[in-house]
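Dear colleague,

I am passing a structure on to you, together with an account of what was found in it. Please look through it first and then read the notes that follow.

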Amino acid sequence: MTVLHSILQTSDISAVEQALLLAIDSGHTDRAPKAAFNLGVLREDRADFEGAEQAYQLAIDSGHADHAPKAAVNLGVLREGRGDFAGAERALLLAIDSGHVDLAPMAAVNLGVLRDDEDGAERAYQVAIDSGHADQAPKAAVNLGVLRERRHDCVGAERAYRLAIASGHATMAPMAAVNLAVLCEGRGDFAGAELAYQVAIDSGHADLAPKAAVNLGVLREERGDLAGAELAYRVVIESGHADQAPQAAVNLGVLCHGREDFAGAESAFQLVIESGHADMAPKAAFNLGVLRQDQGDLDGAERAYQLAIDSGHPSAASCAREVMMQLYDAPSAAGAI
């Protein structure tokens, strides 16, 4: 949900409230509704929720073109947080009915998220989509796609995701592309999945592009395209993403190990270990131990396993400890994680 807040900077909250009340009492066409909205924000910030509702309602009742729908959105979010879902819906509908170019689509998205009734949620998202709002329409399209997937309407979900992709929105388009790719994978359309992942990768989004590239690598690996998988993993590694790059390097290490490129595997695992990633570094250390053990380098394997043990990682440490106990009895018993 989205909340619109004004920032009031003062150390004397009571004095500010008195000033806002005076502005409200003035009945000024612009200043009074604005003061009511700001009073609602002030009271909400200090957990006076009933007082905030009253102030937002004053702004709504003013009928001001901007402050009334802004207050309605905030009131809707406030009521939702207090468990008053019917009241939240009423407030959001007021904002939608205002027809405000920005706030009506925002309220429609929030209403879609709020509603348990899936048909009602679809209608709300469609209102936001039909508005053509640069931010809210793509967001609504992604949400609609997720909702339709949940309803097993894969064709409708694809249409919604493609709307978001076509918008070119900096975040929602690549998010929709990743979602579409996963949808395509699930129904066996691997070529479509590759194309969708590539759209997300080409977006250059700081988080979604590396995630898409990891997924693309996994998809290609599962289809036996090891060279293509390696290319995808290396794109992620070069991105330096804090989470996805270590994941891609672990995947690349396992891939290299599987095709007996031991030097490449060791290099990939070492890269992850040096990253210090809380989850991936211990897994890479364990996998490096397996790699060295398979090559008969038991001392090197022991050093790698010890790194995994010392990490305290819930799975890597326990696996490494178990293998270490058997290391000299069964030097080839381990498998990568």
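This is a predicted model: local features need pLDDT of at least 70, side-chain atom pairs count only at pLDDT 80 or more; totals for chains, interfaces and linings use all residues.

**Helix 16 and helix 18**

Helix 16, which covers residues 280-294, packs against helix 18, which covers residues 316-326, at an angle of about 25 degrees, and their axes are 9 Å apart. Since angles under 35 degrees count as roughly parallel, helix 16 and helix 18 are therefore roughly parallel to each other. Their crossing is left-handed. On the side of helix 16, the residues that meet the partner are Pro282, Lys283, Phe286 and Gln293, while helix 18 brings Ala316, Cys319, Ala320 and Val323. Sorted by class, this contact of helix 16 with helix 18 has six nonpolar residues, one polar residue and one charged residue.

The protein chain has a mean pLDDT of 95, and 93% of its residues reach 70 or more. Some caution is needed for residues 6-10, where pLDDT stays under 50 and for which the model has eight contacts beyond four places in sequence.

**Helix 10 and helix 11**

Helix 10 (residues 172-186) and helix 11 (residues 190-203) have their axes 8 Å apart and pack at an angle of about 165 degrees, which makes helix 10 roughly antiparallel to helix 11. The crossing of helix 10 and helix 11 is again a matter of record here: it is left-handed. From helix 10 the contact draws on residues including Pro174, Ala177, Val178 and Leu180, and from helix 11 on residues including Phe190, Gly192, Ala193 and Ala196. By class, the residues of the contact between helix 10 and helix 11 divide into 13 nonpolar, two polar and one charged.

Asn179 is also found in helix 10. Which residues is Asn179 in contact with, leaving aside its neighbours within four places in sequence? They are Val142, Val146, Glu149 and Tyr161. Between Asn179 and His133, on the other hand, there are 21 Å in space, C-alpha to C-alpha, with the two residues 46 residues apart in sequence.

**Helix 13 and helix 14**

The axes of helix 13 (residues 226-239) and helix 14 (residues 244-258) cross at roughly 150 degrees and come within 8 Å, and that angle makes helix 13 roughly antiparallel to helix 14. Helix 13 passes helix 14 in a left-handed crossing. Leu226, Ala229, Glu230, Tyr233, Arg234, Val236 and Ile237 of helix 13 meet Gln244, Ala245, Ala248, Ala249, Asn251, Leu252 and Leu255 of helix 14. The residues in this contact of helix 13 with helix 14 comprise 10 that are nonpolar, two that are polar and two that are charged.

**Aromatic pairs**

When the whole structure is searched, two aromatic pairs are found. One of them is formed by Phe37 and Tyr56, whose rings have their centres 6.0 Å apart and their planes at 45 degrees, so the pair is tilted. Phe37 lies in helix 2 (residues 31-45) and Tyr56 lies in helix 3 (residues 49-62), so this pair ties together parts that are 19 residues apart in sequence.

Notes:
Residues are numbered from 1 along each chain as its sequence is written. Side-chain values use heavy atoms; hydrogens and water are left out. pLDDT is the predictor's confidence in each residue, from 0 to 100. Contact means heavy atoms within 4.5 Å. Axes are lines fitted to C-alpha atoms, for helices over the stretch in contact, and angles run from 0 to 180 degrees between N-to-C directions. Helices (H or I, at least four residues) and strands (E, at least two) are DSSP runs, numbered from the N terminus. Angles under 35 degrees count as roughly parallel, over 145 as roughly antiparallel, 65 to 115 as roughly perpendicular and the rest as oblique. A crossing is left-handed if the near helix is turned anticlockwise from the far one by less than a right angle, and right-handed if clockwise. Ala, Val, Leu, Ile, Met, Phe, Trp, Tyr, Cys and Pro count as nonpolar, Asp, Glu, Lys and Arg as charged, and the others, Gly among them, as polar. Rings of Phe, Tyr and Trp (its six-membered ring) pair if their centres lie within 6.5 Å; planes under 30 degrees apart count as stacked, over 60 as edge-to-face and the rest as tilted.
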